[in-house]
Amino acid sequence: GAMFSGRHEGRLQPDGEGRIFINRSGAMFEYILGFLRGVSTGDEHAAFEIHALPKTQMRVMREELDYYGLESAVFPLVHFSIDLATFSPGPEMLSSRRGFGAAVLPDNRGVLVAGGASVRGSYLASTELLNMTTQIFSPA
């Protein structure tokens with residue numbers, strides 16, 4: 001697409017038969033080609049395999065997508081809208097609380113819940129940690 005739009009003609013150097021040699025990662029290109037095939041057939045989950053790559057491969061994949069001008073197609077910016085959000089009850093906390101603070105810990109280590117007030121209105125000086133794998137709270 002964007003690579004052959006005419007904007008990059010100085011970078012592309014065809015051989016005598018008009019072919020372009022692209023010296024990029026073949027392994028990553030398989031995912032990109034799968035994405036392009038899926039998009040062309042209307043598959044709304046065409047980017048799933050790319051999104052599921054491990055963090056170590058994702059860095060390389062983003063470089064490849066940038067090279068081909070496809071990063072925004074695979075990772076479109078979606079602005080948050082409360083009208084599009086869906087909510088459901090989460091796991092039960094150890095103590096009933098309201099007005100608490102919560103923070104997502106780095107590397108998916110859990111959600112730390114701190115403070116707040118009990119249903120009777122007394123302030124709580126305790127913390128709880130939600131394990132993201134088991135979806136169970138424990139004292140923190």
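Biologist: Why is Glu 64 called buried?

Modeller: Its relative accessibility is 5%. Buried means under 20% relative accessible area, exposed over 50%, and partly exposed in between, with a 1.4 Å probe and protein chains only. So Glu 64 counts as buried.

Biologist: What should I know about the source?

Modeller: This is a predicted model, where local features need pLDDT of at least 70, side-chain atom pairs count only at pLDDT 80 or more, and totals for chains, interfaces and linings use all residues. Residues are numbered from 1 along each chain as its sequence is written, and side-chain values use heavy atoms, with hydrogens and water left out.

Biologist: Where is Glu 64 found, and with which residues is Glu 64 in contact, leaving aside its neighbours within four places in sequence?

Modeller: Glu 64 is part of helix 3. Helices (H or I, at least four residues) and strands (E, at least two) are DSSP runs, numbered from the N terminus. With those neighbours left aside, Glu 64 is in contact (heavy atoms within 4.5 Å) with Arg 24, Ser 25, Met 28 and Ile 32.

Biologist: What makes the rings of Phe 29 and Tyr 68 a tilted pair?

Modeller: Rings of Phe, Tyr and Trp (its six-membered ring) pair if their centres lie within 6.5 Å; planes under 30 degrees apart count as stacked, over 60 as edge-to-face and the rest as tilted. By this rule there are 2 aromatic pairs. For Phe 29 and Tyr 68 the centres are 5.6 Å apart and the planes stand at 50°, so the pair is tilted. The pair links distant parts of the chain: Phe 29 is in helix 1 (residues 26–40), Tyr 68 in helix 3 (residues 55–68), and they are 39 residues apart.

Biologist: Why is the pair of Tyr 67 and Tyr 68 called edge-to-face?

Modeller: Their ring centres are 5.1 Å apart and their planes meet at 85°, so the pair is edge-to-face. Phe 29, Tyr 67 and Tyr 68 form one aromatic cluster.

Biologist: Buried or exposed: how do you class Tyr 68?

Modeller: Tyr 68 has a relative accessible area of 12%, so it is buried. Phe 29, at 32%, is partly exposed. Tyr 67, at 25%, is also partly exposed.

Biologist: What lies over the face of Tyr 67?

Modeller: Arg 24 does, at 4.0 Å from the ring centre. A charge sits over a ring if NZ of Lys or CZ of Arg is within 6 Å of the ring centre and within 35 degrees of the ring normal. Over the ring of Phe 75 sits the charged end of Arg 62, 3.8 Å from the centre.

Biologist: Why is Glu 128 called buried?

Modeller: Glu 128 lies in strand 3. Its relative accessibility is 3%, so Glu 128 counts as buried.

Biologist: Which side chains does a polar contact join to Glu 128?

Modeller: A polar contact is a pair of N or O atoms within 3.5 Å; within protein, one must be able to donate a hydrogen and the other to accept it, and residues adjacent in sequence count only if both atoms are side-chain atoms. The side chain of Glu 128 reaches Ser 95 at 2.8 Å and Arg 97 at 3.2 Å.

Biologist: Why does Met 132 count as partly exposed?

Modeller: Met 132 has 31% relative accessibility, so it counts as partly exposed. Met 132 lies in the loop between strand 3 (127–131) and strand 4.
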